[in-house]
Amino acid sequence: FGNRLYAGRRRWITQYVKHFPIPNPHTPIGQKIIALAKEAGSHNDDPERLQAQIDQAVHEAFGVKP
């Protein structure tokens, strides 16, 4: 999906990224995922808990089982 750049970094090209499935941000589950991601980005003290909640919400958004 991405091109490898210097120091092992990747560059994500729009032509690939635009095909990534993302939950609808206007639905309740989409809003929940956004809120959890914002909380995770605020240097929360319990990243494992947040990661588990985000994973659960994403599974719910796409209707898949973990």
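## Surroundings of Q31

Apart from its neighbours within four places in sequence, Q31 is in contact with P25 and H26. The residue belongs to helix 2, which spans residues 28-40. Q31 has a relative accessible area of 43% and is therefore partly exposed, since that class lies between the limits of 20% and 50%.

## Confidence of the model

The structure is a predicted model. Mean pLDDT over the protein chain is 85, with 89% of the residues at 70 or more. Helix 2, the element that holds Q31, has the highest confidence in the chain, at a mean of 94. Confidence is lowest in strand 1, residues 2-4, where the mean is 62.

## Overall architecture

The protein chain contains three helices and two strands. Along the sequence, these elements follow the pattern β-β-α-α-α.

Of the 66 residues in the protein chain, 12% are buried. When contacts between residues at least 6 apart in sequence are considered, 27% of them join residues at least 24 apart.

## Packing of helix 2 and helix 3

Helix 3 covers residues 47-62, and its axis comes within 10 Å of the axis of helix 2. The two axes cross at roughly 160°. Because an angle over 145 degrees counts as roughly antiparallel, helix 2 and helix 3 are described as roughly antiparallel to each other. Their crossing is left-handed.

On the side of helix 2, the contact is formed by I29, K32, I33, L36, A37, E39 and A40. Helix 3 contributes R49, L50, Q53, I54, A57, V58, E60 and A61. Sorted by class, the residues of this contact comprise 10 nonpolar, one polar and four charged.

## I54 within the helix pair

One of the residues that helix 3 brings to the contact is I54. I54 has a relative accessibility of 17% and so counts as buried, the limit for that class being under 20%.

Leaving aside neighbours within four places in sequence, the contacts of I54 are with L36, A37 and A40.

## Summary of the two sites

Q31 in helix 2 is partly exposed and touches P25 and H26. I54 in helix 3 is buried and touches L36, A37 and A40.

Definitions and conventions
Residues numbered from 1 in each chain as written. Predicted model: local features only at pLDDT ≥ 70, side-chain atom pairs only at ≥ 80, totals over all residues. Heavy atoms only, no water. pLDDT = per-residue confidence, 0-100. Helix = DSSP H or I, 4+ residues; strand = E, 2+ residues; numbered from the N terminus. Axes fitted to C-alpha atoms, helices over the stretch in contact; angles between N-to-C directions. Parallel < 35°, antiparallel > 145°, perpendicular 65-115°, else oblique. Left-handed = near helix turned anticlockwise from the far one by under 90°. Contact = heavy atoms within 4.5 Å. Nonpolar A, V, L, I, M, F, W, Y, C, P; charged D, E, K, R; others polar. Buried < 20%, exposed > 50% of the residue type's maximum accessible area, 1.4 Å probe, protein only.
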